[in-house]
Amino acid sequence: MRTLTKLMMAIVLATGLAAAANAADVKGLSGSAPTELNAAPPVSTLVETKKWERTFRQQPPMVPHQVDKYQIDIRANECLKCHDWQNAAKEKAPELSESHYKDRDGKQFETVYGGRWFCTNCHAGQTDAKLLIENTFQPGAGR
Ligand code: HEC
Ligand code: HEC
């Protein structure tokens, strides 16, 4: 009986070792084993030199400037200090389009509609971030 137990333990141990060896062969997206500690990838920088063209007509234009200092929360929205219709001309900033003052039924408001409050949900910064995987997307016509 004791020999059988020993034999079974040996099998369990061997299987465990084999599994550990296989884990080292598995490569994560970063190219290293998931158990290895990776250095953080370089932070992508914002491209502020020029405005990027939209890749399709309905695309929210990307933000050509820093946004991390502009607070957006339930009460404050610092983007509006420049982009709201009352301030845009004075700040020489592009004005929010009319769509931002309408609800989903087309009802018009004087102030930005709540569904457009969190600007950065739709407007991402222009960064030089590398593609994680190949992308063959081609810009559409009529931009
Ligand atoms: C201090 C004023 C100021 C503030 C605050 C500001 N912006 Fe801007 N923004 C500008 C100006 C000026 C431009 C035009 C830059 C250019 O033409 O190169 C611009 C451009 C943009 C554009 C591109 C518009 C287009 O037609 O291509 C977007 C999108 C944008 N901002 C979003 C934001 C968001 C989102 C915030 C808040 C997180 C914000 N901005 C805060 C001044 C501001
Ligand atoms: C639900 C997505 C969404 C949200 C939220 C949103 N936008 Fe937009 N925005 C768009 C789209 C789509 C466009 C392009 C089509 C259009 O003009 O309606 C646009 C256009 C713009 C433009 C360009 C206007 C022009 O005439 O070129 C500016 C500037 C802008 N948005 C700023 C903002 C700011 C600031 C906020 C936050 C107060 C905001 N947006 C919130 C989707 C969004």
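The following questions and answers examine a predicted model, its two ligand sites and several of its side-chain contacts.

In this predicted model, local features need pLDDT of at least 70 and side-chain atom pairs count only at pLDDT 80 or more, while totals for chains, interfaces and linings use all residues. Residues are numbered from 1 along each chain as its sequence is written, chains are lettered from A and ligands numbered from 1 in the order in which they are written, and side-chain values use heavy atoms, with hydrogens and water left out.

Q: Which residues are the protein donors of the iron atom of ligand 1?
A: Donors are N, O and S atoms within 2.8 Å of the metal (3.2 Å for Na, K and Ca); water is not among the atoms, so sites may look incomplete. For the iron atom of ligand 1, the protein donors lie 2.0 Å away and are NE2 atoms. They belong to His-65 and His-83.

Q: Which parts of the chain does the pair His-65 and His-83 tie together, and how many residues apart are they in sequence?
A: Helices (H or I, at least four residues) and strands (E, at least two) are DSSP runs, numbered from the N terminus. His-65 lies in the loop between helix 1 (2–25) and helix 2 (80–83), whereas His-83 lies in helix 2. The pair therefore ties together parts whose separation in sequence is 18 residues.

Q: Why is the arrangement around the iron atom of ligand 1 called octahedral?
A: Six donors count as octahedral if opposite donors are over 155 degrees apart and all others between 65 and 115; four count as square planar on those terms, four as tetrahedral if all angles lie between 85 and 135 degrees, and anything else is irregular. The iron atom of ligand 1 has 6 donor atoms around it. The arrangement is octahedral because these atoms subtend angles of 87 to 178°.

Q: Are His-65 and His-83 buried, exposed or partly exposed?
A: Buried means under 20% relative accessible area, exposed over 50%, and partly exposed in between (1.4 Å probe, protein chains only). His-65 has a relative accessibility of 29%, and His-83 has a relative accessible area of 21%. His-65 is accordingly partly exposed, and His-83 is also partly exposed.

Q: How many residues surround ligand 1, and which are the closest?
A: A residue is near a molecule or strand if one of its heavy atoms lies within 4 Å of it. Around ligand 1 there are 17 residues. The closest are Lys-51, His-65, Cys-79, Cys-82 and His-83.

Q: How far is an oxygen atom of ligand 2 from an N or O atom in the side chain of Ser-97?
A: In total, 22 residues surround ligand 2, and Ser-97 is among the closest. A polar contact is a pair of N or O atoms within 3.5 Å; within protein, one must be able to donate a hydrogen and the other to accept it, and residues adjacent in sequence count only if both atoms are side-chain atoms. For Ser-97 and the oxygen atom of ligand 2, the distance is 2.5 Å.

Q: Which residue forms a salt bridge with Glu-78?
A: Side chains of opposite charge can pair when their charged atoms come close. A salt bridge is a side-chain nitrogen of Lys or Arg within 4 Å of a carboxyl oxygen of Asp or Glu, and the structure holds 1. Glu-78 is partly exposed at 25%, and the closest N and O atoms of the bridge are 3.7 Å apart. Its partner, exposed at 51% relative accessibility, is Lys-81.

Q: What is the angle between the planes of Phe-109 and Tyr-113?
A: Rings of Phe, Tyr and Trp (its six-membered ring) pair if their centres lie within 6.5 Å; planes under 30 degrees apart count as stacked, over 60 as edge-to-face and the rest as tilted. The whole structure has 1 aromatic pair. Phe-109 and Tyr-113 are stacked, 6.0 Å centre to centre, and the angle between their planes is 15°.

Q: Which backbone atoms does the side chain of Asn-77 reach?
A: Asn-77 is located in the loop between helix 1 and helix 2 and is buried, at 8% relative accessible area. Its side chain reaches one backbone atom at 3.0 Å and another at 2.9 Å. These are the backbone nitrogen of Cys-79 and the backbone oxygen of Trp-117.
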